[in-house]
Amino acid sequence: MNTLEIIDLKVSVDNKEIIKGINMKIREGEIHTVMGPNGSGKTSLSLAIMGHPKYKIVSGKIILNGEDITNLPPDEKAKKGIFLAFQNPIEISGVKFSALLVASYNRIVNPSMQPSELFRNIREVIKKIGISESMLSRGIHEGFSGGEKKRAEVMQMLLLKPKIAILDEPDSGVDVDGLRAIGDAINKLNAENRTAFLIITHYRRILEYVKSTNVHVLINGKIAASGGSELAKLIDEKGYEWIEKMYKK
Amino acid sequence: MGIISEDKALKVISNLEEERERQEFFKIFQKTPYQRINDSPTVKHYTEWNEYESLNLDLDLKPVVDVKRGNKIEIRNGNLIEIQEGVKYTFLKASEITINPNEHKLIALSTSLSPVYLKLKVDRPTELVLENYIDRPNILSPSYIEIEVLEGEKLKILINNKSYNSSLLNSVIRIFGRENSSVDLMMINDGNDGYYYAHVQHDYLNDSFSSISILNLRSRMGHLKYNNLLSSKRSSSKINVRTLGTEQYKIDSDINVIHTGVESSSDGTLKAIALDSSLTSIRGRAAIEESGHDSSTSIIGRSIILGKDAKAIVAPMLEVNTGIIKMAKHSASTQKFTDDQIFYLMTRGLDFREAASLIVREFLGFEDEEKDVYFKKIIYPVLSTKGY
Amino acid sequence: MVDEAEYTLDIKEILSASVESRLNKISLEEFHERIVRSGLTRSLIEEVSKIKKEPEWMLRLRLKALELFEKIPTPSWLPEMVKEVNLGEMKYYVKPSIQKTSNWSDIPPEVRKYYDALGIPESEKRYLGGLVAQLESEPIYERVKEELKAKKVIMTSMETAVQKYPDIVKEYYTKIFPISDHKFAALHGALSSGGVFVYVPKGVKVQAPVEGFFFIGTEGEGQFEHTLLIADEGSYIHFIEGCAAPRLSSSSFHDGMVELYAKDNSYIKFTTVQNWSKDVINFNNKRAWADRNSTVEWVEGSLGAKLSLVYPSTILRGENASSTSMVVTMASENTWKDSGSKMIHAAPRTRSRVVSKNIGFMGGVNVYRGLIRVNKGAYQSKAHVQCDSLMLDGTSKAHTYPHNQVFEEDADVAHEAHTIRMNEDQLFYIMSRGLSESEARSMLVLGFMDEIMRELPFEYAALLNKVVKLELDKMGSVA
């Protein structure tokens, strides 16, 4: 049973503490959602878990299946089955998308798959997520619209079948069709692969397509509240300020 | 001293046909300076012509006798050895050559010493391979070739220019396409630890198209001048030039696209990687003249510097001489890959070294699959020795 | 009263000879002879220096400059058109503070009409029109003068500075922009007269922008004016030179120089707005040194003159120094605008940004010549150049010649150039909202220039907007 544990995590950026002690346990098959106002530290959390050099883990641990992976470099975390879909993926114009997919697949899933079979898999996956094949020969995220970027990130997730997938705002800047495709992808991976999810969302549109088992509200670098899907409804009705007030008590 | 001494040259010329005309060409070579105008505000010339001046080379040229037919066109040390089966060819007279020796000192050199002025006529869809190489040190290998592609025809040609340690490969080529023709040119200028000077003039008539893919590497001083003359209506070109600078090599690419034809278009991507203490230079002039209205041009120049002593020059020039254009733009940049880019690739399972390698290896890639595969076969082994 | 010595120099001959000596078409001896014939001789220089009562070092510098002018080859980029400008003889004023016209009727009617259309105050009209040598007191200028005096900022004519502050002038004069740099910098060195000297003491921040044009009066003018501005450590100044309204010049050839020195932690913003009358050739040599943590911002608006060559440049000598250069040029009928910037990154973590906006119509030519050079060791430096040319009709021309020379691995240099024609769809859209074609066109052009206009003080931007509109009106409708 795959489990990602975040224990008392404190993270600082540019000498400023952004994450002030977070605890979370994400088990196989669960879909966790993290919400919160802008600046609460949601993206920082995702980047810190993945090992971005600018995000210094000051104290605390990240444990995957009993193994302490807190200070591993990002590629090793990826190889151990953690995937991050970025909120604002960076453009790498010199490198063809297809080249990245092949390199990534070889390292994370299967180093000895035949290119022809691999490309068959890739084509299936891009069809499912709704992006055109021409994107494969373009530079990574080069000239992609906001929605295309999100789809391209989720497409990689489908291809790499991670144990734990962290999605940073997969629903922002995406149209209705894209949202449905992304929602389907999440549900499919969750059902077939038992992938556990940590979905960061601001507007919660993704929750129209995906049922969240655990909801957390992040305010000012700390989890102010945790609960089930009713918590999400509560936020919809009462807003973050109400939660904040409750939290301050 | 000079590239070649007068004595050596005149001696060889006396054994070739049209001695008088060749002597005239040699005189032009002697009196023409390498470059009349400074390239730039600070660095005087982007090609260090002094490197050629210090050579003092020999010649290994023989008058052409019997050229055998085979599966390629082969020129060894300047001598035409083989012509591809099925290709129509003639040898031009000195008065018939269409590139003006006055255009550059080294064009004059080539026209004075090239044993033949080879003219190929493409009258049906053709695939050509030209192996133009040197296999001895310290010699000058001049060659002059014109290729005419007749109306409506297609030419696919691979030119392998390969020099040799301390030798100078001096290649002058003109490709001329008639109406509705198309040319797919692939060229490799491999200094092979020697020198090269390659001059390619490429012009065509109405509604013609060409795709040009060039790779430059390994030369102590390599100069490529590519002139694409879009002088007729709806002519267009897609240009891809890649330079891999290693060791202390200096490689200069001067890519010019001149639009004098209405509704012509050009689209170019010029890239270079400078490793070790090499110098790569990507430059050229894209011009839309008054007569070339309703045209469009877009040229991108990019380089990556990976080496404490490596240097990169990117100087694309854009001249627009009419207000009636579709589009005219260019961009140039020199960047190292960013931490964020490396991080992204690492989150996809590549370690630091692999991520850097991927960016570097892919940087010089081509959009077209066939060319991508072909050129990478040459680029990858060189990059591997550098740890990428 | 001042000696108003004036000499006649055949500038046309000087320029012709320069163009012809390009590519070695005439010998050095022939060039020298023609220069002497034009009136530019050693004895002229000596006399000039004597009248100005200059110290020995200044005379030596001028003579050396004359030598260099004759020796240095003409730059290949000097446009042929230089020969075609109607120059004739030029009066070279040793002391420029003279009245140029004696009554209104001396001012050409188009110029008077312009002033009326622009709505500038009477006193300014008189000053701009050359009726008075000094701007009659206006209260706002007085206030700025007070602030400068209180903060011990030195601002005086170059001539006075050479006498009163010789040490500091000698230390920097033509060191920032060496006269050996090119032929016309040398010519400037030989004949410089007029100009402004500014020194801002350590830590002093001058709040209001200082308009040199109005302060120094025509004493600061001159065909070869030289401005030297030194901002000592931690200081701040925004200096404005020139004026948007068309100026009557006593001369058709200008070869000025501006040298700026921003010491550690200081800030200099240098704005020039130029609208010389149509038959003027304007050369301006501009360069700045930026030391550690300092900032130099160049803002250049070139509307007038027939041929203008201006390249504001900065040498980023100190770590973390930064510089920006914003240049807008407008080239109309028979006009050639040659501009650009050089940014030399000679220290780590330096940054530069160049924005060049060129507008061409009725056959005007805009040329951008730029250089970004990152020296080895200037690690983590960033440079960005954006060069946009807007062609309002079919006859305009735009040339872009950028050079990016990077000798440092850890550097980030990017350049982008777009040459676009007036967008008919946009024009149509605005017209469909009730604006006439020329109003719509003005709106689009001003929008194109907006990024740079924002750098100017409000009154300047407003005046500049009006001038641009008046210029564009000459266009008539686009076919």
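Biologist: At what angle do the axes of helix α1 (residues 11–21) of chain C and helix α2 (residues 28–37) of chain C cross in this predicted model?
Modeller: In this predicted model, the axes of α1(C) and α2(C) come within 9 Å. Angles over 145 degrees count as roughly antiparallel, so α1(C) is roughly antiparallel to α2(C). The axes cross at roughly 170°.

Biologist: Which residues of α2(C) meet α1(C)?
Modeller: On the side of α1(C), the residues are C:E13, C:I14, C:A17 and C:S21. By class, this contact has four nonpolar, one polar and three charged residues. The residues of α2(C) are C:F31, C:R34, C:I35 and C:R37.

Biologist: How many residues does the contact take from chain C and from chain B?
Modeller: On the side of chain C that touches chain B, twelve residues are nonpolar, twelve polar and nine charged. The contact takes 33 residues from chain C and 35 residues from chain B.

Biologist: Which strands of chain C each supply at least two residues of the side that touches chain B?
Modeller: One of them, β20(C), pairs with a strand of chain B, β18 (residues 311–320). The strands of chain C that each supply at least two residues are β18 (365–374), β20 (397–406) and β21 (411–421).

Biologist: Which residue in β20(C) is the bridge partner of B:I313?
Modeller: Strand β18 of chain B and β20(C) pair in the antiparallel sense over six bridges. In β20(C), the partner of B:I313 is C:Q405.

Biologist: Turning to chain A, which are the edge strands of the open sheet of four strands?
Modeller: The order of this sheet is β2-β1-β4-β5, with antiparallel pairing. An edge strand here pairs on one side only. The edge strands are β2 (16–27) and β5 (67–68) of chain A.

Biologist: Which element of chain C has the lowest mean pLDDT?
Modeller: Chain C has a mean pLDDT of 84, and 85% of its residues reach 70 or more. Among its elements, strand β13 (residues 313–316) has the highest mean, 97. The lowest mean, 66, belongs to helix α11 (residues 212–216) of chain C.

Note on methods:
Residues numbered from 1 in each chain as written. Chains lettered and ligands numbered in written order. Predicted model: local features only at pLDDT ≥ 70, side-chain atom pairs only at ≥ 80, totals over all residues. Axes fitted to C-alpha atoms, helices over the stretch in contact; angles between N-to-C directions. Parallel < 35°, antiparallel > 145°, perpendicular 65-115°, else oblique. Contact = placed C-beta atoms within 7 Å. Nonpolar A, V, L, I, M, F, W, Y, C, P; charged D, E, K, R; others polar. Pairing = 2+ DSSP bridges. pLDDT = per-residue confidence, 0-100.
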